[in-house]
Amino acid sequence: MTVIDEKTTQAPSGVIGQRLLRKEDPILLTGEAVFTNDMKVPGALYMAVLRSPYAHAKILSVDTSAAASIPGVAAVYSGADLTDLWTAPMPCAWPVTEDMKNPAHYPIASDTVHYVGDGVAVVLAETDAIAHDAIEAIDVQYEALEAVTDLEDALSDRVVLHEELGTNSSYTWPLLIEEEEGQVQRAFDNAAFSVNERYVQQRLIPMAMEPRAVVAVPQPFGGDMTLYTSTQIPHVLKVMIAVTLGFPEHQLRVVAPAVGGGFGAKLNVYAEELLCLALAQKHGGPVRWNETRSENTMATTQGRGQIQDIELAADTDGKLTAIRVRLIADMGGYLQLLTPGVPILGAFLYGGVYDLPKAYDFSCTGVFTTMTPTDAYRGAGRPEATYAIERAMDALAREVGIDPLELRRRNFIATEKYPYEAFTGLVYDSGDHDKAASIATEMVDYAALREKQVTQNVDGSTKRLGVGVSTYFEMCGLAPSRVLSSLNYSAGGWEAATVRILPTSKVQVVTGTSPHGQGHETAWSMIVADKLGIDPADVDVLHSDTAIAPLGMDTYGSRSLPVGGVAIGMACDQVIEKAKQIAAHQMEASADDLEFAGGVFTVAGSPDKEMPLAAVAFEAFTAHDLPDGLEPNLEAQVTYDPPNFSWPFGTHICVVEVDTETGDVEVLKYVAVDDCGVQVNPLIVEGQVHGGVIQGLAQALFEEATYDSHGNLQTSTMTEYLVPGSGDVPPITLGHSVTPSPTNALGVKGVGEAGTIGSAPAVINAVVDALTGLGVTNVPMPASPLNVWNAMQSAQSNTSSNGGQQ
Amino acid sequence: MSSRLRETPGATFNHQHHEQMGASVEITVTINGTQHTHDVEPRTLLVQYIREHVGLTGTNIGCDTSSCGACSIHMNGEAVKSCTILAVQADGQDITTIEGMASDDGTLHPMQQAFMENHGLQCGYCTPGMVMAASSLVNDNPNLTEEDVRLGLEGNLCRCTGYHNIVKSVLAAASAD
């Protein structure tokens, strides 16, 4: 067992695996870092967006005259004033089915609004304050239409939101996998045990601490345009802007300056980015916009939003024989970049880490509602899937009458079966679920907790102990391009890297990943330092600027290390190979006899001959005496398309005490055992797991974007939307195992989403476990005191006729 | 109090005065040891003054309801959220921002150093506010427990770290003092 909460791990001899402090930190700790809204841009006009107060309405008129007369206002535009600027609607890159319905969505509404926050007019002014004053002076007349916020109500088409589509159903995506026709139904017909559960994934507001910001700087005579934006995806954005606005891609530079968190919500093509760019072009000068938090809650994509019906069939031992899943996924008012694909990404994980036969019946229907569009949020489809299967496994354990961990052990994919072809046809690269579970159970002393429950959760006890387990796969390293193609995704999943040794032997790495808190500068430096035998401080990582790093697919889906990091390792290998040719030439030896270690080339059998990489770099630069046919300089560029997803896995155990008088949940202990393969920097790995766990725990206990029946967001500020503070959450105890990925040379898997994927089901399983003795079988997320109390009340009223249901 | 100045030339924005917002008021504020005098609209928040008039952008804005604490600074030695104070209320006051925490020779403040050593930051957006709030917390009570830190920093939100390493950082800085 390895506990890595404290600095107990032994650093291996190489650089990989060391707990190096981050090179990103000094500028972030001193205020020197420049976030987009920190940029000083002389002459920039400030844009403010007037947003619809109605969830669904026709725009009858927009009177901009009063706003335009305010001193300092440069221009005021309604949506109708700007229709000429758009050559195509905003992009959705994931048309999941051939017949998917996708309403035309422009950066600003000119006819009908479809959620509270939809833009209807913009102001350009000399200062941010004047711009905000001026939007208050715009007079818009609306004809209010009916809002639809309930997913099943929306599916009934009682009120159709996009008339031109004729329905609120965007698509239905089925995935039926059977060895023999009718196998799923037969499995349910013949099941010794089965469960049929409904779970609701509440809508979440991602709440990256930095709201979005955009600065568009044109070069009116030269024709170039630079777009600075708080985004996870400068490269994808550049392509999408070229497609959407018809802007010549070669004249467009997109830069993501310091970015204050993303969590999937900055993985998009946003209206404000297109507005700033188009208006900067129109006005021939810089245009900037910064989002207020109250705008952010409604104008930035939200996450989750699903109704999940899941059925499990099992044999007499509790071994799974079939799974059936029906999802209704909330698209919101429009489809954003990846909106329809998010629940589909989860389709492959409803089997959990279990040895499920090919008996799987999945279907997802995406539905439009009059709420903010949904899109990726940390985990994107996979936390939802893991939540459903892990909650359902607990329900099945109750049916079978065995411990939930024992049920899981009976169903784990055995380690010797790896690499394992799953029911979906995807190949899981590696796993040792029993080991991860054993480490976690030992860390919490699982057996002792179960004994304690017997004595603590007695009749009349008001403090009930609950233990919740979840075991999971992360499915990351997005993604093999051919797999993405089979899912109708519009782009590839490769990543690019350049490694360049400068004449004085310092190293530049150019990466297509675009970090926003993950520590890529440190981790990528470590990979290079390990490969080249140099000091990580001598490596500079260049990123997030399409003029410097022209090729890339950016950062999301725990892809950066298993795709981008692996590409860097491959580029290092190519640089070493070229350097070897030069060193061999210089030392008059055969390249085959050269060895490279610790940054020095040596010749086998000639201990007096050696040449450091630094000397080779200078030779490559002067090019005075290179082998015939070899180009000067030491540089290699690699574009790597991963052969497979990577499959980190783990076990989380949450221990709670529930106060039955108040419904309050106190987390007593949280243990996360994550196996992400080789850890490049355990310090960073731990940070990712900590943050991920708390984000999932926040969904389980605190957060929910709530709308009233008129489609008004009731949690539009941080006072109503409960992002937990330090006093609300527990410390986290980490353990780990290391099962290297066999599919890449570094053995890495990725870690960004693991914590979030594993934690929500562990927490809710613990809460339900605490209350099982009171007849509670489900507690909705968030398990707020009110929701817990209501769950207890309804359980009580189910068991006695005089229950206290309010 | 450190007097480190990181003002860049030309950083001060040239705001035009607009009559409908009321007459501007002249204020003089000492920030990181340097006196600044500007005319400001009475409605200007202190955080806007620091960022837009003085040009010190290390102090971040994360919300508009005084919930997140990203804009925490020290006023007369105490941590305050600079979005809850009007610039005119800071007239004559002594302010330290994150830019004033490290020494002139580049040595980080012990709290900054502790955040670095304990991986107490990821994206870094909440970090200036966290460092300011935490250093004030330690000044007020050098014998902090973990619970003191968790409760003491409740007004500062972080979305990346889950607070685990922030708490560890603050406890490390407290014990190093």
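**Entry 1: the two domains of chain B**

I looked up where the domains of chain B meet, and 15 residues of domain 1 of chain B are in contact with 11 residues of domain 2 of chain B. Two residues count as in contact if their C-beta atoms, placed from the backbone, lie within 7 Å. On the domain 1 side, the elements giving two or more residues are β3 (72-75) and β4 (78-81) of chain B, and β3(B) has the largest share, 3 residues. Helices here are DSSP runs of H or I with at least four residues and strands are runs of E with at least two, numbered from the N terminus. By class, I noted 6 nonpolar, 8 polar and 1 charged on that domain 1 side. Nonpolar means Ala, Val, Leu, Ile, Met, Phe, Trp, Tyr, Cys and Pro, charged means Asp, Glu, Lys and Arg, and the others, Gly among them, are polar.

The assignment gives domain 1 (19-100) and domain 2 (110-176); such bounds come from an automatic or database domain assignment. Between the two centres, taken over C-alpha atoms, I found 23 Å.

**A note on the model**

This is a predicted model, where local features need pLDDT of at least 70, side-chain atom pairs count only at pLDDT 80 or more, and totals for chains, interfaces and linings use all residues. Residues are numbered from 1 along each chain as its sequence is written, while chains are lettered from A and ligands numbered from 1 in the order in which they are written.

**Entry 2: chain B as a whole**

I counted 5 helices and 5 strands in chain B, running β-β-α-β-β-β-α-α-α-α from the N terminus.

**Entry 3: chain B against chain A**

Next I checked the chains together: 48 residues of chain B are in contact with 45 residues of chain A. On the chain B side, α2 (110-117), α3 (127-140), α4 (146-152) and α5 (164-176) each give two or more residues. That side has 24 nonpolar, 18 polar and 6 charged residues.

**Entry 4: a helix in chain A**

Which residues of α20(A) are buried? I found Val788(A), Trp789(A), Ala791(A) and Met792(A). They cover an arc of only 155° around the axis, so they sit on the same side of α20(A); the arc is that of the directions from the helix axis to the C-beta atoms. The buried residues of α20(A) pack against β26 (649-659), β27 (665-675) and α19 (754-771) of chain A.

Conventions
A residue is buried if 20 or more other C-beta atoms lie within 10 Å of its own, exposed if 12 or fewer, and partly exposed in between; C-beta atoms are placed from the backbone.
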